[in-house]
Structure formats: structure tokens, C-alpha cells
Amino acid sequence: MTGPDDPSGAAPVIVTALFGQQDFAWLDGLRRAHFPPERNQVPAHITLFHHLPPAIMPELRQRLNAETRGQHAPRAWIAGVVTLGRGTAFRIESPDLAALRDRLADAFTGMLVPQDQAGWRPHVTIQNKVEPHQARALRAEMEAGFRVRPLAITGIGCWAYRDGPWEALSRHMFA
């Protein structure tokens with residue numbers, strides 16, 4: 001398995017859902033407001049896979065092109081507020097996005113790390129790695145005004161993880 005210190009320069013691949021402009025601006029603004037600044041190295045996102053081997057990028061691109069090109073964006077919505085213990089997130093529901101992820105997971109069985117083999121719980125992390133009392137306070141604040149709302153998913157992004165900000169590898173946009 002390669003990692004950020006691999007001398008070949010190959011880095012693990014992260015796969016995320018991409019948001020519409022308005023939803024991204026809102027979610028990323030919340031993340032910037034509540035995530036410890038020294039730890040907030042990536043924008044708001046929904047992770048589909050945390051660590052895929054870089055060698056599968058050609059096949060991954062081909063599969064993502066087939067899943068997105070000419071296809072309608074999956075319906076998705078922000079369905080609730082969840083605790084991460086030392087953080088707070090929005091729970092995301094999207095049967096269509098879950099089905100897409102399941103197809104990819106089936107295609108790459110045997111190459112998935114344990115975290116990606118476990119049940120997928122889609123969410124957008126707004127705050128993490130804070131003291132538990134801070135996380136509880138933000139969760140209470142977010143729950144107080146919470147309403148289920150639609151979430152625009154516009155595509156799927158692939159990123160190289162190099163032990164810091166992610167490097168964009170590819171974007172696959174829905175019709």
C-alpha cells in the first residue's frame with residue numbers, strides 16, 4: 001500500500017461527492033467557522049472512499065465517467081445533525097448516491113481499506129477534533145434551527161492525499 005511518503009510519488013486516492021455552488025458555500029462557511037483552523041485543510045465534502053490505491057485511477061476514472069456522464073444528479077438531502085464525539089456533522093441521505101458508491105465498492109472489493117469496507121454513513125463534517133463540550137454546544141445550536149433541506153450533488157471528485165491539503169485528480173460531473 002502506498003502512502004504520502006511513498007518515494008514513487010503515488011498517493012492514496014480519496015473520492016468525494018461535489019456540491020452545488022450555493023450548498024458548498026454554506027457548508028464550507030460553517031466548516032470554516034467551527035473547525036479548528038489549524039486542522040481545517042480541506043473544504044466541506046462527503047467522502048465516498050477514504051483510501052483507494054492510486055494504481056486504480058484509470059479504471060476509477062472510466063467507471064466514474066460512466067456513472068456521471070449524461071446521468072441526472074442523485075437526489076440528496078441534509079437529514080439531521082449527528083455527533084462525532086469530538087465534533088458535529090450533518091447526516092446526508094441519498095439512496096442514489098449510496099447505490100453509486102455500492103457499485104464502486106463492489107468493483108474494487110479486495111482493494112478497500114477497513115474504513116471503506118465498513119458501512120457507509122454519509123455526512124458533512126462541520127467541526128471535529130474539539131473538546132466534547134464544544135461539540136455538544138454546536139450540536140445543540142445546529143439542532144435548534146434544523147430543518148431537512150435538499151442538497152445539490154453535482155459530481156464526483158477524486159483527490160490525491162499527500163498528508164495535507166488534497167490535490168485534485170479528476171472531476172466527473174452529472175448532467
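Mentor: Gladly! Helices (H or I, at least four residues) and strands (E, at least two) are DSSP runs, numbered from the N terminus. This is a predicted model, in which local features need pLDDT of at least 70 and side-chain atom pairs count only at pLDDT 80 or more, while totals for chains, interfaces and linings use all residues. Residues are numbered from 1 along each chain as its sequence is written, and side-chain values use heavy atoms, leaving out hydrogens and water.

Trainee: In which loop is Asp163 found?

Mentor: Start with its backbone: phi of Asp163 is near 60 degrees, a positive value in a residue other than glycine. Most residues other than glycine have a negative phi. Asp163 is exposed, at 55% relative accessible area (buried means under 20%, exposed over 50%, partly exposed in between, with a 1.4 Å probe and protein chains only). Its loop is the one between strand 7 (153-160) and strand 8 (167-173).

Trainee: What is the relative accessible area of Lys129?

Mentor: Lys129 also has a positive phi, near 60 degrees. Its place is the loop between strand 5 (123-127) and helix 5 (132-144). Lys129 counts as partly exposed, because its relative accessible area is 44%.

Trainee: Is helix 2 roughly parallel or antiparallel to helix 3?

Mentor: Helix 2 (residues 57-68) and helix 3 (residues 95-107) have axes 11 Å apart and pack at about 150 degrees (axes are lines fitted to C-alpha atoms over the stretch in contact, and angles run from 0 to 180 degrees between N-to-C directions). Angles under 35 degrees count as roughly parallel, over 145 as roughly antiparallel, 65 to 115 as roughly perpendicular and the rest as oblique. So helix 2 is, relative to helix 3, roughly antiparallel.

Trainee: Which residues of helix 3 make the contact with helix 2?

Mentor: Contact means heavy atoms within 4.5 Å. From helix 2 come Leu60, Arg63, Leu64 and Glu67. Glu67 counts as buried, at 17% relative accessibility, and also touches Phe174. The partners on helix 3 are Leu100, Arg103, Leu104 and Ala107.

Trainee: Which residues does Asp28 touch, not counting those up to four places away in sequence?

Mentor: Asp28 is in helix 1 (residues 21-34). Asp28 counts as buried because its relative accessibility is 10%. Its contacts beyond four places are Pro43 and Ala44.
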